[in-house]
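Here is a quick tour of one model, with a sheet, a residue in it and a helix pair as the stops. Have a look at the structure first.

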Amino acid sequence: MPPYHKTEAIALQIRPWSKTSHIVTWLTPGHGCVVTSVKGACRPKSAFLGQYDLFYTCELLFYPRERNGIHAIRECAPLNRRDALREDWRAAAAAAYLADLTARAAPPRQPHPDIFASLAAALDTLASVPAPAACGNVILRYEMRLLHHLGLLPDLTLCPECHAAPAEWHRFSLPAGRILCAHLAAPRPGEAVISLHRAVQERFLALRGEALPRLPGAPPPEKKNDAEAKVSLGLSRFFGIFISFHLDVPATVRRVAMEMMDDTKRTVDASEET
């Protein structure tokens with residue numbers, strides 16, 4: 001067995017280590033998140049110059065070291081550079097959020113090919129469809145897949161015993177990750193419980209490929225842009241609350257990322273600010 005590991009890797013984070021060196025966090029399918037030092041990366045004649053950058057998928061060769069959790073890199077070559085992410089700032093912002101979320105959530109030193117494949121597919125989509133609305137949808141779908149791979153995906157299905165009568169609003173327990181049922185233990189005092197609208201639940205289940213029966217006598221779902229936007233916003237806020245509760249992701253990081261995907265807001269010129 002060679003003293004090094006050879007694997008595909010996606011560059012999630014690049015931090016300066018010295019004037020000419022970097023610390024790079026990678027996501028790999030067989031080793032989870034891996035941190036490597038790249039000495040002399042910024043030197044004009046470095047063999048690593050131009051071989052890696054954020055969101056690149058590379059062929060990585062590294063020597064495993066347990067000291068300080070930083071491994072030594074041997075070789076690196078780009079396989080998929082995703083150059084289009086450097087031409088659209090919203091797509092780049094969405095990719096940066098996904099990379100940061102993955103670096104925080106993906107377990108280190110554990111094989112997770114599903115997370116790797118999901119992130120690669122999300123970055124490829126952002127590189128090919130950089131429209132603002134598409135970027136927001138890519139974020140939501142990747143968050144759902146990531147939570148699924150981590151075993152944290154919320155359960156928004158209804159219990160037939162407790163929800164025989166359709167309701168417009170449900171109570172959702174953040175710690176339990178499911179809609180509250182009457183036959184289960186009541187939430188403890190101070191337990192985080194939020195209200196969840198049926199339309200948000202329907203959108204969530206639709207993304208999962210599931211269908212929810214319509215309420216008796218309810219009108220057909222609205223197709224107006226404002227109604228769709230409200231439901232999308234509600235689902236986005238629900239995911240933001242759930243992710244910040246279960247993962248080490250500050251709520252502000254996600255909120256800013258999602259606001260950057262919204263092209264309906266007027267950009268205020270610096271001369272207009274007081």
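Contact here means heavy atoms within 4.5 Å. This is a predicted model, so local features need pLDDT of at least 70 and side-chain atom pairs pLDDT 80 or more, while totals for chains, interfaces and linings use all residues. Residues are numbered from 1 along each chain as its sequence is written, and side-chain values use heavy atoms, leaving out hydrogens and water.

## Ser173

Ser173 touches Arg178, Leu180, Glu191, Ala192 and Val193, leaving aside residues up to four places away in sequence. It sits in strand E6 (strands are DSSP E runs of at least two residues, helices H or I runs of at least four, numbered from the N terminus).

At 0% relative accessibility, Ser173 is buried (under 20% relative accessible area with a 1.4 Å probe, protein chains only). Its side chain also makes a polar contact with the side chain of Glu191, at 2.6 Å (N or O atoms within 3.5 Å, one able to donate a hydrogen and the other to accept it; residues adjacent in sequence count only if both atoms are side-chain atoms).

## The sheet

The open sheet has three strands, ordered E7-E6-E8, with antiparallel pairing (pairing takes at least two DSSP bridges). E7 (178-179) and E8 (193-197) are the edge strands with a single partner each, so one side of each has no neighbour in the sheet.

E6 (residues 169-173) and E7 are joined by two bridges, and Phe172 has Ile179 in E7 as its bridge partner.

## Two helices

The axes of H1 (residues 89-105) and H6 (residues 251-260) come within 9 Å and cross at roughly 160° (axes are lines fitted to C-alpha atoms over the stretch in contact; angles run from 0 to 180 degrees between N-to-C directions). That makes H1 roughly antiparallel to H6 (over 145 degrees). Among the residues making the contact are Trp89 and Tyr97 of H1 and Val253 and Met260 of H6.

Definitions and conventions: Buried < 20%, exposed > 50% of the residue type's maximum accessible area, 1.4 Å probe, protein only. Parallel < 35°, antiparallel > 145°, perpendicular 65-115°, else oblique.
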